[in-house]
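Trainee: I would like to learn how to read a structure feature by feature. Could you take me through one slowly?
Mentor: Gladly; let us look at it together.

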Amino acid sequence: MHVETKLVQAGVGRDEKTGAINFPVYYSTAYRHPGVGESTGYDYTRTGNPTREVVEQTIAVAEAGDAGFACSSGMAAIQTVMGLFSQGDHLLVSVDLYGGTYRLFEQLLTRYGLSFTYIDMRETDRLAEAIRPQTKALFIETPTNPLMQIADLAKLADIARQHDLLTIVDNTFLTPCCQRPLELGADIVLHSGTKYLGGHNDVLAGLIVTKGAELTEKVKFLHNTIGAVLGPHESWLLVRGMKTLGLRMERHQANALQIARVLREHPAVTDVFYPGLTDHPGHEIHNRQASGYSGMLSFRVASAEQVQPFLQSLGLISFAESLGGVESLCTYPATQTHADIPKDIREEIGVCDRLLRLSVGIEHPDDLIADLTQALDRSLAVAGGVVR
Ligand SMILES: *Cc1c(COP(=O)(O)O)cnc(C)c1O
């Protein structure tokens with residue numbers, strides 16, 4: 001069966017007693033034991049909860065993994081996985097990265113003796129020289145956030161395996177509807193379920209999917225031991241969102257492609273980054289490893305003076321700090337998602353003061369294009385440019 005079908009059918013047929021199509025929320029934290037040494041399969045909700053299990057099994061099947069683990073946020077999922085590593089271990093990480101992940105690594109985990117080197121994962125030929133004796137894993141985003149750069153997952157996983165490294169992929173931007181890293185050789189997939197999987201800007205959640213019995217056991221231990229698990233109500237909301245993921249991703253992508261084409265023709269815009277554009281430098285690699293482009297794109301305006309009037313002129317599209325929901329949001333990475341990355345590093349990797357990120361929602365594309373066009377026109381007028 002296709003991923004879309006598996007997602008829609010999440011939880012159906014599981015509540016045998018009532019036949020409920022919509023699997024219920026089990027708020028109970030404790031479970032009565034039938035006898036000494038006996039269990040219904042549920043003992044304590046941190047270790048296992050029936051509603052959470054629906055999410056966990058659905059994401060595991062969708063990502064073609066062996067097990068799923070639902071966490072209280074995307075960051076909690078990343079932190080849980082980092083529990084696999086010990087003092088002295090080193091990881092190679094995508095240089096263009098979600099700002100919160102960078103903050104976790106640099107401001108917290110370095111204090112525990114882990115070290116991280118940020119590299120351009122597109123340069124697979126140079127990967128081997130960055131690997132040290134202490135290196136234990138690759139941590140990859142593709143497309144990257146916010147520059148939408150594409151890394152070759154199969155090639156990276158192959159090099160990682162030759163060096164006995166784990167390959168960890170943050171698949172938040174594409175979801176299993178568009179890309180399944182475990183099928184390309186990765187060992188662990190991570191998600192901020194807050195984004196496309198939830199899809200409605202109403203639930204904070206994180207997911208981990210593992211491949212391999214040994215790794216699954218280790219992550220299961222960490223998930224229960226650290227305890228940053230997803231609550232039953234949030235699990236229910238997440239399942240509800242995941243059921244329509246397939247449909248939503250189609251519309252996100254169709255809208256984003258139209259918008260990317262309009263943006264690149266607008267005089268206020270100098271660059272558009274969207275892997276669905278045929279001249280995007282990662283277009284071919286992306287097409288080989290993914291079946292869609294999602295609704296995430298970024299673009300640069302001609303001058304930083306345009307940013308403020310542009311954001312203030314947006315009407316339909318909200319200036320807000322998230323992505324992947326049905327509502328379109330626009331983010332300014334320099335002061336929002338990437339504010340914790342030092343300015344010189346930010347500028348060097350291209351997350352400059354002229355960069356804006358758009359999470360294209362599922363509104364009618366004509367309305368989105370009208371809003372963007374008037375805001376860009378206005379940004380040019382205010383910044384002293386010429387409007388068409
Ligand atoms: C949002 C996000 C995270 C963090 O997830 P939270 O649910 O906000 O904790 C991690 N990675 C990526 C790519 C994200 O977009």
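Trainee: Which residues surround the ligand?
Mentor: Before I answer, note that this is a predicted model, in which local features need pLDDT of at least 70 and side-chain atom pairs count only at pLDDT 80 or more, while totals for chains, interfaces and linings use all residues. Residues are numbered from 1 along each chain as its sequence is written, and side-chain values use heavy atoms, with hydrogens and water left out. A residue counts as near a molecule if one of its heavy atoms lies within 4 Å of it, and here the ligand is surrounded by Ser73, Gly74, Met75, Tyr98, Asp170, Thr172, Ser192, Thr194, Lys195, Leu204, Ala205 and Leu323.

Trainee: How many residues of the shell are nonpolar, polar and charged?
Mentor: Ala, Val, Leu, Ile, Met, Phe, Trp, Tyr, Cys and Pro count as nonpolar, Asp, Glu, Lys and Arg as charged, and the others, Gly among them, as polar; the shell around the ligand then divides into five nonpolar, five polar and two charged residues.

Trainee: Where does a polar side-chain atom of Thr194 lie?
Mentor: A polar side-chain atom of Thr194 lies 2.6 Å from an oxygen atom of the ligand, and for Lys195 the corresponding distance to an oxygen atom of the ligand is 2.8 Å.

Trainee: Which strands pair with β2?
Mentor: Strands are DSSP runs of E with at least two residues, helices are runs of H or I with at least four, and both are numbered from the N terminus; two strands pair if DSSP finds at least two bridges between them. Strand β2 (residues 90–94) pairs in the parallel sense with β3 (residues 115–119) over five bridges, and with β4 (residues 135–141), also in the parallel sense, over four bridges. Val93 has Tyr118 as its bridge partner in β3 and Phe139 as its bridge partner in β4.

Trainee: Is β2 enclosed or open, and why?
Mentor: Buried means under 20% relative accessible area, exposed over 50%, and partly exposed in between, using a 1.4 Å probe and protein chains only. Five of the five residues of β2 are buried, so this strand is largely enclosed by the rest of the structure.

Trainee: What should I notice about backbone angles?
Mentor: Most residues other than glycine have a negative phi, and most peptide bonds are trans. In this model, phi of Ser294 is near 65 degrees, a positive value, and Ser294 is buried, with a relative accessible area of 1%. A cis peptide bond joins Thr142 and Pro143, with omega about 0 degrees.

Technical notes
A polar contact is a pair of N or O atoms within 3.5 Å; within protein, one must be able to donate a hydrogen and the other to accept it, and residues adjacent in sequence count only if both atoms are side-chain atoms.
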